[in-house]
Amino acid sequence: MRRLARGAGIAMTVAMLLPLVSCAPSGAAVGDTNVHGSASQSSGVERGDVSIGMIGSHTASADDLVLDAYDAAGLGASYVSLADAVRPAACGQRAVRDMAARQVTLIVISNLDASQDVQGWNGALTTARDAGIPVVLVDPIHVPSDARLYAASFTINDRAADSMPIGKASMLVINDQPHARNLMVTTLTR
């Protein structure tokens with residue numbers, strides 16, 4: 001009887017600890033861990049295997065430019081529009097959780113205002129982090145105070161000659177290759 005009780009106690013302890021295990025790196029954002037580079041980097045994810053979950057902004061036309069740029073770069077993207085959402089923060093948070101459950105390769109959030117419903121956004125972004133999915137913020141209004149919740153912030157500037165194509169910048173994050181925390185990107189194909 002004691003063995004049975006001890007075995008049940010061990011099983012219960014393991015079951016309680018399992019939710020604490022995540023795919024997130026310690027002390028860094030998913031997709032922003034390889035800041036110094038490594039001689040033994042893997043070849044990474046191939047473009048054809050990428051699935052991007054994009055949570056849109058209040059301006060669908062701006063989102064179209066990003067989606068078209070991903071398409072031109074050969075990167076598949078699913079899109080959730082928040083343009084007509086009555087409660088955009090709640091809808092966006094639900095979309096992040098949905099994309100994490102679907103195990104997309106990258107979550108992209110356009111015009112995030114993390115100062116609106118801080119707890120809700122932190123919870124949703126933690127769900128993505130725990131699932132091991134990097135998050136990129138495109139033209140954010142306010143970024144989360146916890147930098148471990150997103151890998152990079154992209155500022156779109158289609159006029160600057162030194163802007164990096166958004167597809168290339170996204171692949172750096174997806175493959176956890178060294179990249180700046182704040183990148184100027186372009187949606188134009190070059």
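**Entry 1: Tyr70 and its surroundings**

I started at Tyr70 and listed its contacts (heavy atoms within 4.5 Å). Leaving aside neighbours within four places in sequence, Tyr70 touches Ile52, Leu75, Ala77, Leu106, Val108, Ile166, Gly167 and Ser170. A note for my own bookkeeping: this is a predicted model, where local features need pLDDT of at least 70 and side-chain atom pairs count only at pLDDT 80 or more, while totals for chains, interfaces and linings use all residues. Residues are numbered from 1 along each chain as its sequence is written, and side-chain values use heavy atoms, with hydrogens and water left out.

**Entry 2: the cores**

Next I looked up the nonpolar cores, each a set of buried Ala, Val, Leu, Ile, Met, Phe, Trp, Tyr and Cys residues joined through side-chain atoms within 4.5 Å. Buried here means under 20% relative accessible area, exposed means over 50%, and partly exposed is in between (1.4 Å probe, protein chains only). The largest core holds 23 residues, and Tyr70, Leu106, Val108 and Phe154 have the most contacts inside it. Two or more residues each come from β1 (51–55), α2 (60–72), β3 (106–110), β4 (135–138), β5 (152–156), α5 (166–174) and β7 (182–186). Which element gives the most to this core? I found that α5 does, with five residues. There is also a second, separate core of 21 residues, which includes Ile55, Leu82, Ala100 and Tyr150.

For the element names, I used DSSP runs numbered from the N terminus: helices are H or I with at least four residues, strands are E with at least two.

**Entry 3: helix α5 and what follows**

I then asked how many residues of α5 are buried. The count is eight of its nine residues, so I call this helix mostly covered. The buried ones are Ile166, Gly167, Ala169, Ser170, Met171, Leu172, Val173 and Ile174. They pack against α2, β3, β4, β5, β6 (164–165) and β7.

The loop between α5 and β7 holds Asn175 and Asp176. Asn175 counts as buried because its relative accessibility is 18%. Not counting residues up to four places away in sequence, Asn175 touches Gly44 and Val45. Asp176 is partly exposed, as its relative accessible area is 22%. The phi of Asp176 is near 50°, a positive value in a residue other than glycine.

Asn111 sits in the loop between β3 and α4 (118–130). Why is Asn111 counted as partly exposed? Because its relative accessibility is 22%, which falls between the cut-offs for buried and exposed.

Asn111 also turned up in my pocket search, among the residues closest to the centre of the largest pocket. A pocket is found on a 1 Å grid over the protein atoms alone: it is an open set of points where a 1.4 Å probe fits, with protein on both sides within 12 Å along at least five of seven lines, and lining residues have an atom within 4 Å of a point. The largest pocket has about 270 Å³ of space, the volume being what is filled by probe spheres set on points joined across faces, edges and corners. Of its 17 lining residues, the closest to the centre are Leu82, Pro88, Ala89, Asn111 and Asp113. Both α3 (88–101) and β3 supply at least two lining residues. By class, the lining has ten nonpolar, six polar and one charged residues.

**Entry 4: Arg97**

Arg97 belongs to helix α3. It is partly exposed, because its relative accessible area is 35%. Leaving aside neighbours within four places in sequence, Arg97 is in contact with Gly120, Gly123, Ala124 and Thr127. I also noted that Arg97 and Ala128 are 31 residues apart in sequence and 6.8 Å apart in space, C-alpha to C-alpha.

**Entry 5: the whole chain and its confidence**

I counted five helices and seven strands in the chain. Of its 190 residues, 38% count as buried. The chain averages a pLDDT (the predictor's confidence in each residue, from 0 to 100) of 84, and 78% of the residues score at least 70.

Definitions and conventions:
Ala, Val, Leu, Ile, Met, Phe, Trp, Tyr, Cys and Pro count as nonpolar, Asp, Glu, Lys and Arg as charged, and the others, Gly among them, as polar.
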